[in-house]
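I kept the entries brief and grouped them by topic.

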Amino acid sequence: MIPKIILSSGPNATRRTIGYLYGKGRANEHIDPHLVASWNDFAPDPGRSPQRDPKEVMAQLVAQLDQPVKMLGDKAPKDTVWHCPVRAAPEDPILTDAQWADIARRIVAAAGIAPDGDNEACRWVAVRHADDHIHIAATLVRQDGRRPERGYDQRAVQREARKIEIDYGLRRLKQGDGTGAKRPTSKEHFKAKRLGQDAATRDVLRLRVRRAVAAASDETEFFALLEATGVTVRLKLGPSGDALGCNFALPDDTNDKGEPVFYAGSTLAPDLSLPKIRKSLATTSPEPTAVRQGDPWHQATAATDRIPHHLSSGDDQTAQGQLVALGAMLDLLPIAAPATVRAELEKAAVAFERATRSRIAADLDSARALRRSVRAIWREQPSDRDGSGLAMLLDSVLTAVAFAMHWHRTHQHAQQEAAAEQALIHLQIAYAQVAEPVLAGLAQRAPSVQMKQRFARHIQQAVPEHAERILNDAAWDALAAVLAEAEAAGHNATTVLDQAIGQRTLDDANSPARALTWRIRRLGERHAPGPRAQAAKARNAAQRAAVPIHPVVAAPPQAPPTRRR
């Protein structure tokens, strides 16, 4: 159940609000508007007065609601109308008018509009014009002329909504921490439907701006990318001419005057204000020193592999920074992915966006390597002929998102945990679509039985606790194939296998065989050491083994210095 508070001002605020509630709606969506509850339980109802002109009844209702406000004259508050739509989830049962009346009374009591038993509280009405929601409208002057003690009414009504969900067996939403992105309003949803958009403009802009932040290396490129994706930008300039903020719009989303409807970055998401965008871009700017280039898929996978360690062993600020970078990766991956999995990856990115923010400040510098490697994939579009690059990256991403879900759970971030869990579902679907053909192709190149037996013996020696799962896994043939290919490229298969096992524990891998396949594929594509290097390495190992180890005799401990008195 989602309550949302809207304040209105102006001499006709009450008339506008009541007129909207009893009108046809912006898309004729209002059906049978009528009162389900009011401050005195007998307020005039324009929807249930068949013997009278509805306009006359509506004027009478507005006058009664406005009476306490009019009594104050010039001393009336600026905001005079408190409007709170309360919406049930699509899967919730249809509630009766009596049930909605009870919910309305609980909401106005929790908000401080009309506490239980307070006969001098604000005047309010609850109007129902659809099966799944009501609108509560109140005037913000009590009947005794005082102001209502609303306090933190938004938080209060959210807490009450969580209780209502339990009492009525409705879908239970997660408790938030105030860092979530603003949801589209009903008006925005109807407008998107009228324009033929799949999503509300607010959601479309949020995704495009996030992608531009993830892809750009500086502010100039950021604005250029927005222009290239059809986003109109309006800068807010200070007295010095410097940009202090920015608003975003889509060309086709206009108001009644034909002007674009702009959204401030901070209203799209808390981390999309211009100052925060600039802070994020600073972590993707090129390094002043030369950096050794490599395969972007491998670099991104290696950086993603380190996320679980940061989430389980690092400080909270570093962990939060890793989650921000992981979200940026998910924002850009759909662009580099095949069309067959693009939809699932986009759904994963949209879901995980909520998991990238909390009350913990993010250390963005800690994730420079990940952000740059992902940006390199977007820029360079590196070759990924058989899809193995994306498959190995998604395998690491799945583990990272699972750790993100656990990290949020331990920090009691309920909404973020749920968002990570939802993203995980979409990622698993995408991973299966990408990985299965790659693994099937590798399995067709499986080596001889004798070579597989040799590899199996070493696996049994190196990881006995996982050996049975690995050897019985459907991906075992693919794992044997990449080991054979690494050996054919000049690597020592046993050494490569040991390196892959040592990279990270297999305890949390859903499929150890698949995890080792991608690790060995990455290691096997590195430049193999030449014969001389291998021989020198063998000689050094033999020399170290031949050196006798002498026991070390510890020196007697020294007496602590005498303290002077």
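The entries below follow the order in which I looked things up.

**Ground rules**

I am working with a predicted model, where local features need pLDDT of at least 70, side-chain atom pairs count only at pLDDT 80 or more, and totals for chains, interfaces and linings use all residues. Residues are numbered from 1 along each chain as its sequence is written, and side-chain values use heavy atoms, with hydrogens and water left out.

**Entry: helix H10**

I started with H10, residues 296-305. For helices I rely on DSSP runs of H or I with at least four residues, and for strands on runs of E with at least two, numbered from the N terminus. For burial I use relative accessible area: buried is under 20%, exposed is over 50%, and partly exposed is in between (1.4 Å probe, protein chains only). H10 is largely enclosed by the rest of the structure, because 7 of its 10 residues are buried. I noted the buried ones as Pro-296, Trp-297, His-298, Ala-300, Thr-301, Ala-303 and Thr-304. What do they pack against? I found helix H11 (307-313), helix H12 (316-336), helix H14 (368-380), H15 and H21.

**Entry: Gly-524**

Is Gly-524 buried or exposed? I have it as buried, because its relative accessibility is 16%. Setting aside neighbours within four places in sequence, I listed its contacts (heavy atoms within 4.5 Å) as Ala-486, Ala-489 and His-491. I also checked Gly-524 against Ala-420, 104 residues apart along the chain, and their C-alpha atoms are separated by 32 Å.

**Entry: salt bridges**

I count a salt bridge when a side-chain nitrogen of Lys or Arg is within 4 Å of a carboxyl oxygen of Asp or Glu. How many does the structure hold? The total is 31.

I looked at Asp-271 in some detail. Its side chain meets that of Arg-210 in a salt bridge with an N to O distance of 3.7 Å. Asp-271 sits in the loop between helix H8 (265-268) and helix H9 (274-281), while Arg-210 is in helix H6 (residues 201-215), so this pair ties together parts that are 61 residues apart in sequence. By accessibility, Asp-271 is partly exposed at 22%, and Arg-210 is buried at 8%.

Asp-271 forms a salt bridge with Arg-357 too, where the closest N and O atoms are 3.4 Å apart. Arg-357 lies in the loop between helix H13 (339-352) and H14, so its pairing with Asp-271 ties together parts that are 86 residues apart in sequence. I have Arg-357 down as buried, with a relative accessible area of 6%. Which residues do the shared partners join into one network? They are Arg-210, Asp-271, Asp-331, Glu-353 and Arg-357.

One further pair went into the notebook: Arg-52 and Glu-56 meet through their side chains at 3.4 Å, N to O. Arg-52 is partly exposed at 36%, and Glu-56 is partly exposed at 47%.

Next I turned to H4, residues 153-168. Asp-153 has its place in this helix and counts as buried, because its relative accessibility is 8%. Leaving out neighbours within four places in sequence, I found Asp-153 in contact with Ile-5, Trp-82 and Ala-111.

Arg-159 is also found in H4, and I have it as partly exposed because its relative accessible area is 48%. Together with Arg-155, Lys-163 and Arg-359, Arg-159 forms a positive surface patch. For patches I take residues with over 30% relative accessible area and no salt bridge, joining like charges within 9 Å and nonpolar side chains (Val, Leu, Ile, Met, Phe, Trp, Tyr) within 5 Å.

**Entry: positive phi outside glycine**

I finished with two loop residues. Asp-41 has a positive phi near 70° and is not a glycine. Asp-41 lies in the loop between strand E3 (34-38) and helix H2 (54-72), and it is exposed at 53% relative accessibility. Gln-412, not a glycine either, has a positive phi of about 60°. The loop holding Gln-412 runs between helix H15 (388-410) and helix H16 (414-443), and I noted Gln-412 as exposed at 74% relative accessibility.

How values were computed:
Accessible areas come from the Shrake-Rupley method with a 1.4 Å probe; for residues, only the protein chains shown count as cover. Lys and Arg count as positive and Asp and Glu as negative; His and the chain ends are not counted. The place of a charge is taken as NZ of Lys, CZ of Arg, CG of Asp or CD of Glu.
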